[in-house]
Amino acid sequence: MFRDIYYNVVDFVQDFGAFILFSLRLIMYSPKALVKRFGLVAAQVHNAGALSLVIIMVCGFFVGAVLGLQGFSNLQRFNAEDSTGAVAALSLVKELGPVITALLFAGRAGTALASEIGLMKATDQLSAMEMMAVNPIRRVVVPRFLGGVISMPLLAAVFSCVGILGAHIIGVGLLGIDEGSFWQQMQQAVTEKDVEEGIVKSIVFGVAASLLAVWEGYSAIPTAEGVGRATTRTVVLTAITVLIFDFMITATYL
Amino acid sequence: MGSSSDTIIEIRDLHYSRAHRPIFKGLNVDIRRGEVTAIMGPSGTGKTTLLRLITRQLVPDHGHIYIDGVDISQLDQEELYALRRRFGMLFQNGALLTDISVFENVAFPLREHTNLSNRLIRHVVLTKLHAVGLRGAADMMPQELSGGMARRVALARAMVMDPDILIYDEPFVGLDPISMGVIVRLVRRMNDALGISSILVSHDVQEISTVSDCSYLISDGKVAAKGSPQELSNTTSDLVKQFMYGMADGPVAFHFDAPDYAEQLLGRDTE
């Protein structure tokens with residue numbers, strides 16, 4: 001039994017070390033890739049970002065609509081239903097925008113990244129690049145990582161905007177909150193610091209989600225089962241990581 | 001280690017094991033310049049592993065591999081990539097990049113390593129695709145190709161940088177007779193016309209005898225036999241005969257190590 005524990009610990013330390021080295025190489029290669037491989041990065045922004053827009057906008061709208069409904073019914077008890085806009089905007093900008101976007105991003109773009117890189121490995125495409133003296137981390141991994149890092153904050157911003165629109169349609173259009181106080185209360189309540197918190201979170205979550213996705217794909221066991229497992233791990237690990245980071249960033253901004 | 005000028009790759013006392021199972025136990029192989037050298041052996045003898053060791057995708061536990069007299073284990077990343085530019089490798093499944101077209105696959109090494117104009121790249125790529133008979137498939141995506149076509153595209157890609165050494169990993173597996181004939185002739189023609197050295201891993205004895213100058217038969221981690229196709233087919237060695245003529249009985253056991261058959265069927269081995 002102690003032997004098993006020993007081997008598990010050794011495996012974990014080895015994997016973690018490999019992950020750290022991999023991350024350092026990504027960071028080292030990223031600036032050059034932005035200049036030299038801009039076309040590839042732009043294509044990945046399209047893959048991870050533009051192709052996620054529909055799901056982000058639909059989910060953002062309904063999350064905002066629910067915030068409109070819940071905000072109105074709860075705040076009405078205190079005769080404060082005019083603050084629905086402020087509550088919805090604060091929740092979206094600081095919390096729900098970055099967090100739900102990151103979770104949706106992991107499900108839509110993260111899984112695509114992990115399975116694509118894993119399958120490239122399983123079909124010898126990464127080895128073929130190595131043999132053609134092309135570093136697969138520079139050619140395949142870095143552009144995908146950067147595509148995710150750039151897309152995530154933009155998607156989170158879109159999510160929050162569409163969410164506020166959803167809350168507005170429900171609150172003002174359906175439940176009859178005064179339009180003037182909806183926007184005015186929101187403008188008064190949401191400070192620059194709140195927006196900054198949302199931006200910081202979406203950048204951190206973007207780096208975490210993209211890094212985990214490309215790492216899981218790159219380190220996947222090159223079989224059908226291995227790639228499947230890497231895809232699942234991407235979603236699970238991203239969800240856990242994002243929620244832990246969310247707690248830590250929220251605590252520092254209090 | 002000095003190298004004679006007619007030997008391009010020397011493998012000396014190579015040991016390699018995977019998951020505590022020894023694959024090579026002191027392998028010595030010479031690949032001669034300008035020839036087609038075949039590496040043969042039963043399944044699981046580590047033929048593909050040997051190719052990966054030669055190209056340093058894997059590192060040996062012990063022993064040396066010299067290419068043009070240079071020990072490849074001493075090379076840093078830059079030097080290794082410079083060396084790999086002299087190689088063209090055809091993978092078992094083609095290993096084409098699935099997100100770009102056939103044309104872009106063949107153009108890939110040129111775009112990565114040269115500053116050639118688009119016009120010139122187009123010219124070179126179409127020439128290479130024409131050589132493998134697939135100029136008409138230039139705009140297709142890899143997933144639209146059959147297995148044989150994919151391998152021919154991969155061959156065009158392997159030779160686009162005009163390599164010194166071409167490596168083929170099981171080039172004949174799963175090909176129809178026409179594609180097989182085309183590939184066999186291409187291997188020979190490219191070797192002779194371009195003056196390159198070819199290493200061919202396969203267990204298709206028939207095809208190898210028509211194309212290779214020298215063959216190595218690897219078994220149990222060592223070279224079991226070496227010679228021209230003629231010499232190997234006239235051999236007296238039981239192992240070589242078993243392999244060359246595809247016999248079930250001989251030094252190479254058909255069955256993997258297992259407990260006694262009757263005992264196992266009767267379930268006594270679990271008691």
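Analyst: Contact here means heavy atoms within 4.5 Å of each other. This is a predicted model, in which local features need pLDDT of at least 70 and side-chain atom pairs count only at pLDDT 80 or more, while totals for chains, interfaces and linings use all residues. Residues are numbered from 1 along each chain as its sequence is written, chains are lettered from A and ligands numbered from 1 in the order in which they are written, and side-chain values use heavy atoms, with hydrogens and water left out.

On the contact rule, 21 residues of chain B touch 16 residues of chain A. The two chains bury about 1,700 Å² between them, with 56% of it on carbon and sulfur atoms; buried area is the accessible area (1.4 Å probe) that two parts lose on being put together, summed over both. On the chain B side, the residues that lose the most area to chain A are B:Tyr81, B:Arg84 and B:Phe108, which together make up 29% of what that side buries.

The rule for a salt bridge asks for a side-chain nitrogen of Lys or Arg within 4 Å of a carboxyl oxygen of Asp or Glu. Five such bridges cross the interface of chain B and chain A. In one of the model's salt bridges, the side chains of B:Arg84 and A:Glu130 meet at 2.5 Å, N to O. Polar contacts follow another rule: a pair of N or O atoms within 3.5 Å where, within protein, one must be able to donate a hydrogen and the other to accept it, and residues adjacent in sequence count only if both atoms are side-chain atoms. Eight residue pairs across the interface, both members at pLDDT 80 or more, are in polar contact.

Three elements of chain B give two or more residues to the side that touches chain A: helix 2 (77-84), strand 6 (87-90) and helix 3 (102-113). Helices (H or I, at least four residues) and strands (E, at least two) are DSSP runs, numbered from the N terminus. Helix 3 gives the most to this side of chain B, with four residues. By class, the side has nine nonpolar, six polar and six charged residues; Ala, Val, Leu, Ile, Met, Phe, Trp, Tyr, Cys and Pro count as nonpolar, Asp, Glu, Lys and Arg as charged, and the others, Gly among them, as polar.

Next, helix 3 of chain B itself. Its buried residues are B:Val102, B:Phe103, B:Asn105, B:Val106, B:Ala107, B:Phe108, B:Pro109 and B:Leu110, where buried means under 20% relative accessible area, exposed over 50% and partly exposed in between (1.4 Å probe, protein chains only). These buried residues pack against helix 5 (125-131) and helix 6 of chain A, and also against helix 4 (118-131) and helix 5 (147-158) of chain B.

One cross-chain pair can be followed in detail. A:Arg139 lies in helix 6 (residues 136-174) of chain A. Leaving aside neighbours within four places in sequence, A:Arg139 is in contact with B:Phe108 and B:Glu112, and with A:Arg37, A:Leu40, A:Met129 and A:Val134. The side chains of A:Arg139 and B:Glu112 form a salt bridge of 3.4 Å, N to O. This pair crosses between chains, from helix 6 of chain A to helix 3 of chain B. A:Arg139 counts as buried because its relative accessibility is 9%, whereas B:Glu112, at 25%, is partly exposed.

Further out, the count over all chains comes to 25 salt bridges. Among them is a network that links A:Lys94, A:Glu95, A:Asp194, A:Glu197, A:Lys201 and A:Asp246.

A nonpolar core is a set of buried Ala, Val, Leu, Ile, Met, Phe, Trp, Tyr and Cys residues joined through side-chain atoms within 4.5 Å. The largest has 61 residues, and A:Leu26, B:Ile9, B:Phe24, B:Leu50 and B:Ile199 touch the most other members. Helix 6 of chain A supplies the largest share of this core, seven residues. Apart from it lies another core, of 49 residues, including B:Ala150, B:Met159, B:Leu166 and B:Val240.
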